[in-house]
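Subject: Handing over the structure

Hello,

Here is the structure I promised to pass on to you. Please open it first, and then read my notes below.

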Amino acid sequence: MAGSPEILALIPARGGSKSVPRKNIRTVGGRPLIAWSIEQAKRSRRINRIVVTTDDQEIAEIARKWGAETPFMRPAELAGDRSTDIEHHEHALRTLAAAEGYRPEAVVNLRPTMPVRRIATIDRAIDALVARPDVDSVRSVSLAEQTPYKMWRIGDGGFKIGRAHF
């Protein structure tokens, strides 16, 4: 790998949120929610390219206004309530490879619903991934703010409070 590795920030933003309609373009702190992730990617010292994968023309337009690319539209079947990250990631990577021959060495998934994240954390995660060729992914986690004994868990047909299983 000569020079810096090619790092793609992929920002998933579907238009059909049911819990908070149009959440990805709602104003939060004076800008559309999606703009926060775009700005964080732009400020990263490691990310080379920012692509928003969306099924929604308005989201695509706002993403471009804030400095992201939208070189394709995500098919509706990959933008449903049960669509997974891997599905739209694979679609994005296949589409970019076929259209442009573009194949990044790493992909950073920046969800627009996490507007408060530190750019240094993004860069540290990329550094950790690049430094370990034997590792194919990293994931951010944080300490629980309360004891696991007070957390809810799913089981027996509903939510239960009690001891979490690790």
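Helix H1 (residues 33-43) packs on a sheet, touching S1 and S4. The buried residues of H1 are Leu 33, Ile 34, Ala 35, Ser 37, Ile 38, Gln 40 and Ala 41. Here, buried means under 20% relative accessible area, exposed means over 50%, and partly exposed lies in between (1.4 Å probe, protein chains only). Those buried residues pack against S1, strand S2 (27-28), strand S3 (31-32), S4, helix H2 (57-65) and helix H4 (119-131); contact means heavy atoms within 4.5 Å. Helices (H or I, at least four residues) and strands (E, at least two) are DSSP runs, numbered from the N terminus.

A word on the source: this is a predicted model, in which local features need pLDDT of at least 70 and side-chain atom pairs count only at pLDDT 80 or more, while totals for chains, interfaces and linings use all residues. Residues are numbered from 1 along each chain as its sequence is written, and side-chain values use heavy atoms, with hydrogens and water left out.

Now to the sheet. It is open, with three strands in the order S4-S1-S5 and parallel pairing; two strands pair if DSSP finds at least two bridges between them. Strand S4 (49-53) and strand S5 (106-109) are the edge strands, each pairing on one side only. On average, neighbouring strands are turned by 30 degrees against each other, direction ignored. The direction of H1 makes about 160 degrees with that of S4. For these angles, axes are lines fitted to C-alpha atoms, for helices over the stretch in contact, and the angles run from 0 to 180 degrees between N-to-C directions.

Strand S1 (residues 7-12) is joined to S5 by four bridges and to S4 by five. In S5, Ile 7 has Ala 106 as its bridge partner, and Ala 9 has Val 108. Leu 8 stands opposite Val 107 in S5. On the S4 side, Leu 10 has Val 51 as its bridge partner.

How many of the six residues of S1 are buried? Six of the six are: Ile 7, Ala 9 and Ile 11 on one side, and Leu 8, Leu 10 and Pro 12 on the other.

Arg 46 lies in the loop between H1 and S4 and is buried, with a relative accessible area of 15%. Its side chain makes a polar contact with that of Asp 127 (2.3 Å); such a contact is a pair of N or O atoms within 3.5 Å, where within protein one must be able to donate a hydrogen and the other to accept it, and residues adjacent in sequence count only if both atoms are side-chain atoms. Leaving aside neighbours within four places in sequence, Arg 46 also has contacts that include Pro 5, Ile 7 and Val 130.

Arg 22, in the loop between S1 and S2, has a positive phi of about 60 degrees although it is not a glycine. Arg 22 is partly exposed, with a relative accessible area of 28%.

Best wishes
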